[in-house]
Amino acid sequence: MTDRAIKIGLILPLFSGDAGKVVAAARAAEDLRFDGVFAFDHFFPPGATPDRPALEAFTTLAAVAASTEHIRLGTLVTRVILRPPGMLAKMASTIDVISGGRMILAVGTGDPIDRPEHDTFGFANLSVKERRAHLAETIAGLKALFRGAPYPWSEHLPALKGPLLPRPVRSEGPPIWVGAQSDEVVRMAARTADGWNGWGLAPPKFREKAQVLAEAASGAGREVEATWAGIVLLGEDEAEAERLVEDRRKRGMDDGVAFAGAADRFAEYVRELAKAGATWAIVVLAGPPGRRQLLADRVLPALASPSAD
């Protein structure tokens, strides 16, 4: 365990198409004492053409699990429509076994930007209502299999008899997070999952959503953690950050950067997220090489606090 009040994770570079680079990035993150590494789950980068590379998330995470010792690892997020629920449970459980109980399974319904992947590789395109119902049923099915119980037939899922062997390391299986923006799905996470992830939300908006989560979880007699993720562009100072932002603008890159600024100021941003209820901040590092080291050198120490252990 680190001595930070909020855990810091990094998104792995699966869009490089280079497995060695991904494993090296995970090892470096562990050496630098980050808390987790996470994989986007796409068959090619969102918004790009199908001829752009992307490593498959779960097989890559298995390699990361076997190549690291302590760091948490997981998806952020996997669309549940991409794999049958029994297969998804088996893959997540196996990575949990390989890693000694370090797997986090973050799931979601997907967004309109994912439609080209579905059309290219033959995945179903469900309505918003259908996607949400399918997500809720999938979470219930995963939870049942993880704890060694069967799951009965439901509207969108077949019966899942199991058992799932070998069992995951933890008795209830890997924690399941739900990536969502809508209050309806945030409340679903509160009722059914172990965590919620809010993508790219500024601290005030994150606080609002975290409150929705907490109220719904309390009403269900549960505790569910709130987590944050987003694209971050760090500079050594504000002047460098401004140059990097301008460079992205000139290249036509409009990819929803959640934070752009000096590394020291990002530490304060993360503290604000923690005050808003976030237990994790998971970062997609934009910009030139060296940003991971910059984050480790300037942000992690600033977030240190007396350990609760």
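The model is predicted.

Start at strand S1, residues 7-11. Four of the five residues of S1 are buried, so the strand is largely enclosed by the rest of the structure. Two strands pair with S1. One is S10, which spans residues 278-286. S1 and S10 run parallel and are joined by four bridges. The other is S2, residues 36-39. S2 is also parallel to S1, and three bridges connect the two. Gly9 shows both pairings. Its bridge partner in S10 is Ile282. In S2, Gly9 stands opposite Gly36.

Arg4 pairs with Asp35, and their closest N and O atoms are 2.8 Å apart. Arg4 sits in the segment before S1, while Asp35 sits in the loop between helix H1 (19-31) and strand S2, so the pair ties together parts that are 31 residues apart in sequence. Are these two residues buried or exposed? Both Arg4 and Asp35 are buried.

The structure holds 19 salt bridges. Another one joins the side chains of Lys209 and Asp183, with an N to O distance of 2.8 Å. This pair also links distant parts of the chain. Lys209 belongs to helix H7 (residues 203-219), and Asp183 belongs to helix H6 (residues 183-192). Lys209 has 14%, under the 20% limit, so it counts as buried. Asp183 has 30%, so it falls in the partly exposed class.

A further salt bridge connects Asp247 and Arg251. Here the closest N and O atoms are 2.9 Å apart. What is the relative accessible area of Asp247? The value is 36%, so Asp247 is partly exposed. Arg251 has 53%, which is over the 50% limit, so Arg251 is exposed.

Now turn to Asp96. This residue lies in helix H3, which covers residues 85-99. Its relative accessibility is 0%, so Asp96 counts as buried. Which residues does Asp96 touch, leaving aside its neighbours within four places in sequence? Gly101, Arg102 and Met103 are among them. Pro168, Val169, Arg170 and Pro174 are also in contact with Asp96.

The structure holds one cavity of 30 Å³ or more. The largest cavity has a volume of about 30 Å³. Its lining draws on several stretches of the chain as numbered here: Arg79, Val80 and Ile81, then Gly108 and Thr109, then Arg131 and His134. How does this lining divide by class? Two of the residues are nonpolar, three are polar and two are charged. Val80 and Ile81 are in the lining, and both residue types count as nonpolar. Arg79 and Arg131 also line the cavity, and Arg counts as charged. Gly108, Thr109 and His134 complete the lining, and their residue types count as polar.

Definitions and conventions:
Residues numbered from 1 in each chain as written. Predicted model: local features only at pLDDT ≥ 70, side-chain atom pairs only at ≥ 80, totals over all residues. Heavy atoms only, no water. 1 Å grid on protein atoms, 1.4 Å probe; cavity = no way out; pocket = protein on both sides within 12 Å on 5 of 7 lines; lining within 4 Å. Points joined across faces, edges and corners; volume = space filled by probe spheres on them. Buried < 20%, exposed > 50% of the residue type's maximum accessible area, 1.4 Å probe, protein only. Contact = heavy atoms within 4.5 Å. Salt bridge = Lys/Arg side-chain N within 4 Å of Asp/Glu carboxyl O. Pairing = 2+ DSSP bridges.
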